[in-house]
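User: I am new to this structure and would like to learn how its features are read. Please take me through them in turn.

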Amino acid sequence: MTPGGKLPAKSQDLVDRLIKAKVALNDTLLWWIAGGIDAIELVAKAVETSGSTEAEGIVKYWNSLTKYPGYFGDYSFTPTQHNGYPTDEVVMSESSTAKNGTFALAPGYS
């Protein structure tokens, strides 16, 4: 969440769709869901773009990604970095502020 308590528009859209689908966000964390959706979409897009389900085509596609917009974060891959994890977007959250699977940002983040 932003310091004002709002989610980015893309994340809020996902939360709204999950609530409409009756996903109980009071019993899970949004990042678990977001990461799962992103993983599926990254594989599906790689297969679609490469035209193959073989690892070589998938890895080649992923290695071309820089700041691929996911729900969990923006993913980047290189031939030597296959994690894709958006560590530059990791922030601390304030404890005991859970709401709809997210937390308020800890003091000092904007």
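User: What do the buried residues of α1 pack against?

Analyst: A residue is called buried under 20% relative accessible area and exposed over 50%, with partly exposed in between (1.4 Å probe, protein chains only). Helices (H or I, at least four residues) and strands (E, at least two) are DSSP runs, numbered from the N terminus. In this predicted model, the buried residues of α1 pack against α2. They are Ser11, Leu14, Val15 and Leu18. Because they cover an arc of only 100° around the axis, they lie on the same side of α1; the arc is that of the directions from the helix axis to the C-beta atoms. Ala9 and Lys20 are exposed on the other side of α1.

User: On what basis are the residues numbered and the values computed?

Analyst: Residues are numbered from 1 along each chain as its sequence is written, and side-chain values use heavy atoms, leaving out hydrogens and water. The model is predicted, so local features need pLDDT of at least 70 and side-chain atom pairs count only at pLDDT 80 or more, while totals for chains, interfaces and linings use all residues.

User: At what angle do the axes of α1 and α2 cross?

Analyst: Axes are lines fitted to C-alpha atoms, for helices over the stretch in contact, and angles run from 0 to 180 degrees between N-to-C directions. The axes of α1 (residues 9-20) and α2 (residues 30-50) cross at roughly 100° and come within 12 Å. α1 is therefore roughly perpendicular to α2, a term for angles of 65 to 115 degrees; under 35 counts as roughly parallel, over 145 as roughly antiparallel and the rest as oblique.

User: Which residues make that contact?

Analyst: Contact means heavy atoms within 4.5 Å. Leu14, Val15 and Leu18 of α1 meet Leu30, Ile33, Ala34 and Ile37 of α2. These residues divide into 7 nonpolar, no polar and no charged. Ala, Val, Leu, Ile, Met, Phe, Trp, Tyr, Cys and Pro count as nonpolar, Asp, Glu, Lys and Arg as charged, and the others, Gly among them, as polar.

User: How do α2 and α3 pack?

Analyst: α2 and α3 (residues 55-62) pack at an angle of about 105°, with their axes 9 Å apart. That makes α2 roughly perpendicular to α3. The contact involves residues including Leu42, Val43 and Lys45 of α2 and Tyr61 and Trp62 of α3. By class, this contact of α2 with α3 has 7 nonpolar, 3 polar and 1 charged residues.
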